[in-house]
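Hello,

Here is the structure I promised to pass on to you. Have a look at it first, and then read on for what turned up.

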Amino acid sequence: MAVFRFLLVMFASLFMLPVFAKAVVKEGMREVLQSVLNSGEDLVLEPNVVYELDGALNFKKENQKLYTKGAKNPSEYAVLRLVSDVQSRLLNGLGVRGVVVKNVVFDGSKYSENRKVGIRDSLVQMGGRGGDNQVVQNCVFLNSRGWSMLHVFEPAKNIGIFDNFFFSSGADCRGSGAHAGEFLPVWGDGISLASKNSKVEGNIIIDPTDVGIVVFCASGSLVKRNAVAAVSREALGGINMVDAVKHYLISDKKYDYRGVCVRENFVEALGARVHIAYPIGKHIWGPGKNAGKSGIVLVGGELLENEMSGKCMGYGIAVSGAENFIVKGNVSTAKYSRIGDGLRYKLPDGPCAFIYDFETVKGCELQPEFKKSVSHIIHLLACNFGKKREDLGGFRMYGYGDFEAEGAIETAYLEMLCREPSLSEFEYWKAKINDERLSADAIRLELLKSGEFKKLFGDVKPCDLHCFRAAVWLNSFSELSAKKEWALADAKDRMNMLWRSVSGRADGAKKGAQKRAP
């Protein structure tokens, strides 16, 4: 338990960002740091220091660098923490060629006590016209307030996004992850990529609520060996190729995904629903008036040798409105449950691993596991038509599929109490979350108040649930980062190592008193 005594000391002293930082620099810090960037020099941050900023820093000169001096482990990274009541961005590299960001923590401090619900810009903004050849590597992004943690704009090219850790972006449709005063929709991406010929590799993204990695056309880009996991809140998509961006228009209603390769990634619906792991095509996504009728076609692109896992998956790979895509070698060990919203007047096909729309998929090479849609696969998300919870920000009320309920309850117990639920606990929560249409946060908040939790980790206020979770995950991330096996592992194996560490962190914690039937 020594690790957790340390965690709780850190948690109490640096609650807003539970990363091992020791000194906090407050007044006027944005102006001081910006003056360095204005001079054209690199911005070198001190290790183990939290810099509190009331707004975004802006790169000014080609090839500038922002990094922590001498940092080798995340526990040593400098922290840029947002303290503005209404702003949501910490760094802007738009239009500045060749800038490099390494070994820094970007803390959106979404759960700060006095924060107002204001602007929802991305936490870090890069790329854009002239912003070619940028690199973001070995950074930590957490608790963002806006719609994306890292947004890379077109028409930039040759951007590298490598080996970063993303945790907690937005709130899901049920309200898990919401800050007091937030109203639906407050979804958030991990990485939003629109720059061509770019590489996104080795990143771990936990608890995005919109999409783990969105590919906004971004022709010629490689998205490889990343891991996306829904642990406590739902993700609408794992890795998406659904958007039609004007810059990539080929001809009337055809958009360029040529040269895009999404390969060897891992999407896991561990404790919350991933609505669609790898969607391809615009019509799969939105429920608007023109749903399924736009005629938009996405062209080119490959989805190869990716994995889907977890008990809370909605749909795996769904393809619609696509031309000349190659989708092969992908595997699923996931469990699928709960049908998507579809159209108000007609439900879509039910949950499954591989499905496509024969009428709108042309010239594509699909692996043999695919089945043709019988009803339709328009709007496979299950987040827009549920009854609104008027007393809680308009978040939606949905029941749980059988597999989904099992994953949500098991994961909540393992994350909060480091054990599986007993049979009676499982049956209690399965009935309660379905009868009352509760979010996964409701389970965790109840466990937070239990004597068992307090004995393990002390008193934590309900409003501090997600700060506590960040502390747990970042401690494990920092400890594992120092190990040799971490350096040799890919993002999938690292994600699995993290979950084993988080769910088994209480020494000698016993498993459920009664084993449930499989």
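Let me begin with a rule: two rings of Phe, Tyr or Trp (its six-membered ring) pair if their centres lie within 6.5 Å, and planes under 30 degrees apart count as stacked. By this rule the count is 14 aromatic pairs. Please keep in mind that this is a predicted model.

One of the pairs joins Phe165 and Phe477: the ring centres are 4.3 Å apart and the planes lie at 10 degrees, so the two are stacked.

In helix 9, Trp499, Val502 and Ser503 meet Thr411, Leu414 and Glu415 of helix 3. The residues of this contact are three nonpolar, two polar and one charged. The axes of the two helices come within 7 Å and cross at roughly 65 degrees, which means helix 3 is roughly perpendicular to helix 9.

Finally, take a look at helix 5 (residues 440–448). Seven of its nine residues are buried, so the helix is largely enclosed by the rest of the structure. Its buried residues, including Ile443 and Leu447, pack against helix 3, helix 4, helix 6 and helix 7.

Best wishes

Definitions and conventions: Residues numbered from 1 in each chain as written. Predicted model: local features only at pLDDT ≥ 70, side-chain atom pairs only at ≥ 80, totals over all residues. Heavy atoms only, no water. Buried < 20%, exposed > 50% of the residue type's maximum accessible area, 1.4 Å probe, protein only. Helix = DSSP H or I, 4+ residues; strand = E, 2+ residues; numbered from the N terminus. Contact = heavy atoms within 4.5 Å. Axes fitted to C-alpha atoms, helices over the stretch in contact; angles between N-to-C directions. Parallel < 35°, antiparallel > 145°, perpendicular 65-115°, else oblique. Nonpolar A, V, L, I, M, F, W, Y, C, P; charged D, E, K, R; others polar. Phe/Tyr/Trp six-rings, centres within 6.5 Å; stacked < 30°, edge-to-face > 60°.
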